[in-house]
Amino acid sequence: MRFTVTMKTPDALEDAIRERAKTMLYDKRNHYDYNDDVDELTRKTLSICKNWFKYNESVTIIVDTDAMTCEVL
């Protein structure tokens, strides 16, 4: 079976990126630049994700269960 799914969840992408950035930078959490570094990494990653997410909140994918693939449009 092949079908298309459009998902729109405001803030989900940024929240997920921010949480991962905090995890990646955990060792710097007591450093005065920690929050700035988390913000910068979040902004850079969101910028990259614009290739796949419309308005940083909506994504359309095609799922093909026969070929066992998932393609981002």
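I48, W52 and V72 together make a nonpolar surface patch of about 280 Å². Such patches take residues with over 30% relative accessible area and no salt bridge, joining nonpolar side chains (Val, Leu, Ile, Met, Phe, Trp, Tyr) within 5 Å and like charges within 9 Å. This is a predicted model, where local features need pLDDT of at least 70, side-chain atom pairs count only at pLDDT 80 or more, and totals for chains, interfaces and linings use all residues. Residues are numbered from 1 along each chain as its sequence is written, and side-chain values use heavy atoms, with hydrogens and water left out.

**The patch and its strand**

- Accessible areas come from the Shrake-Rupley method with a 1.4 Å probe, and for residues only the protein chains shown count as cover.
- V72, one of the patch residues, belongs to strand β3 (residues 69-72); strands here are DSSP runs of E with at least two residues, helices are runs of H or I with at least four, and both are numbered from the N terminus.
- V72 has a relative accessible area of 38%, which makes it partly exposed; buried means under 20%, exposed over 50%, and partly exposed covers the values in between (1.4 Å probe, protein chains only).

**The strands and how they pair**

- Strand β1 (residues 2-8) runs antiparallel to β2, and 7 bridges join them; two strands count as paired if DSSP finds at least two bridges between them.
- Along this pairing, M7 has V59 of β2 as its bridge partner, while K8 stands opposite S58.
- β2 and β3 are also antiparallel, with 4 bridges, and D64 stands opposite T69 in β3.
- Between the strands of the β2 and β3 hairpin there are 4 residues, and M68 takes a positive phi near 60 degrees.
- How well covered are these strands? β2 is largely enclosed by the rest of the structure, because 6 of its 7 residues are buried, whereas β1 is hardly covered, with 0 buried residues among its 7.
- S58 lies in β2 (residues 58-64) and is buried at 14% relative accessibility.
- Beyond its neighbours within four places in sequence, S58 is in contact (heavy atoms within 4.5 Å) with T6, M7, K8, W52 and F53.

**Salt bridges**

- The structure holds 7 salt bridges, each a side-chain nitrogen of Lys or Arg within 4 Å of a carboxyl oxygen of Asp or Glu.
- K8 and E57 form one of them, at 3.3 Å from N to O; this pair links distant parts of the chain, with K8 in β1 and E57 in the loop between α2 (34-49) and β2, 49 residues apart.
- K8 is exposed at 57% relative accessibility, and E57 is partly exposed at 22%.
- E14 pairs with R18, their closest N and O atoms being 3.3 Å apart; both lie in helix α1 (residues 12-24), 4 residues or about one turn of the helix apart.
- R18 also meets D39 in a salt bridge of 2.7 Å, N to O, which joins helix α1 to helix α2 across 21 residues.

**Cysteines**

- How many disulfides are there? The count is 0, a disulfide being a pair of cysteine sulfur atoms within 2.5 Å.
- C49 is buried, with a relative accessible area of 13%, while C70 is exposed at 51%.
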